[in-house]
Amino acid sequence: AATPKALNDEDALFYPPLDVNGKLVVRGATQVWVSRAGGAHWRAVPIGAEGFPSAVTAATADRIYVGTDGGEAFRLDRAGASWHVAALTTPAQGYMTEILVDPVTPTVLWCAVNSGGVSCMG
């Protein structure tokens, strides 16, 4: 697999989010980059976010969830050769760090959000 050439010239978080599900590879930068060929070919999908993608989850071969560093959430659904973007209700304001899909009820998402000023110490 190869990184999309455009990512070398595109702004992204220091550790950009990445997820893989079979041959579907998803990576966040200024926009979401999607490969359905294991990284051999890439397509940019703009999501209209104010911030950067900070969490991506390749839920299925045709559905991706994206969270941003500003707390925005999006669902990308593949229809034919296109990806359709829908904004989701934001769970909380803050830096979204992880999105997990409930394996029993795939319409339920678990999101980890850092709202700042909160720390857990063990």
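Reader: Two strands count as paired if DSSP finds at least two bridges between them. With that in hand, what is the bridge partner of V20 in β2?

Author: That's V25. Before going on, this is a predicted model, where local features need pLDDT of at least 70 and side-chain atom pairs count only at pLDDT 80 or more, while totals for chains, interfaces and linings use all residues. Residues are numbered from 1 along each chain as its sequence is written, and side-chain values use heavy atoms, with hydrogens and water left out.

Reader: Ok. How many helices and strands does the protein have?

Author: Zero helices and ten strands. Helices (H or I, at least four residues) and strands (E, at least two) are DSSP runs, numbered from the N terminus. Along the sequence the pattern reads β-β-β-β-β-β-β-β-β-β.

Reader: Next sheet. What's the strand order around β6?

Author: It goes β5-β6-β7-β8, an open sheet of four strands with antiparallel pairing. β5 (53-60) and β8 (82-88) are at the edges with a single partner strand each, so one side of each has no neighbour in the sheet. Neighbouring strands are turned by 20 degrees on average here, direction ignored.

Reader: What does the T68 side chain reach?

Author: The backbone nitrogen of E72, at 2.9 Å. For reference, a polar contact is a pair of N or O atoms within 3.5 Å; within protein, one must be able to donate a hydrogen and the other to accept it, and residues adjacent in sequence count only if both atoms are side-chain atoms.

Reader: Switching to charges. How many salt bridges does the structure hold?

Author: Four, taking a salt bridge as a side-chain nitrogen of Lys or Arg within 4 Å of a carboxyl oxygen of Asp or Glu. One of them is D62 with R36, where the closest N and O atoms are 3.7 Å apart. D62 lies in the loop between β5 and β6, and R36 in the loop between β3 (32-35) and β4, so the pair ties together parts 26 residues apart in sequence.

Reader: How exposed are D62 and R36?

Author: Both are partly exposed, D62 at 34% relative accessible area and R36 at 36%.

Reader: And which residue does R63 form a salt bridge with?

Author: D77, with the closest N and O atoms 2.5 Å apart. This pair links distant parts of the chain, from R63 in β6 to D77 in β7 (residues 73-79), 14 residues apart. R63 is partly exposed at 28% relative accessible area. R75 also forms a salt bridge with D77, at 2.7 Å between the closest N and O atoms. R75 is partly exposed at 25%, whereas D77 counts as buried at 18% relative accessibility.

Reader: Last one: which residues form the nonpolar patch on the surface?

Author: L100, V108 and W110, with about 310 Å² of accessible area together. Patches are made of residues with over 30% relative accessible area and no salt bridge, joining like charges within 9 Å and nonpolar side chains (Val, Leu, Ile, Met, Phe, Trp, Tyr) within 5 Å. The areas come from the Shrake-Rupley method with a 1.4 Å probe, and for residues only the protein chains shown count as cover. V108 sits in the loop between β9 (95-101) and β10 (109-114), partly exposed at 33% relative accessible area.

Notes: Axes fitted to C-alpha atoms, helices over the stretch in contact; angles between N-to-C directions. Buried < 20%, exposed > 50% of the residue type's maximum accessible area, 1.4 Å probe, protein only.
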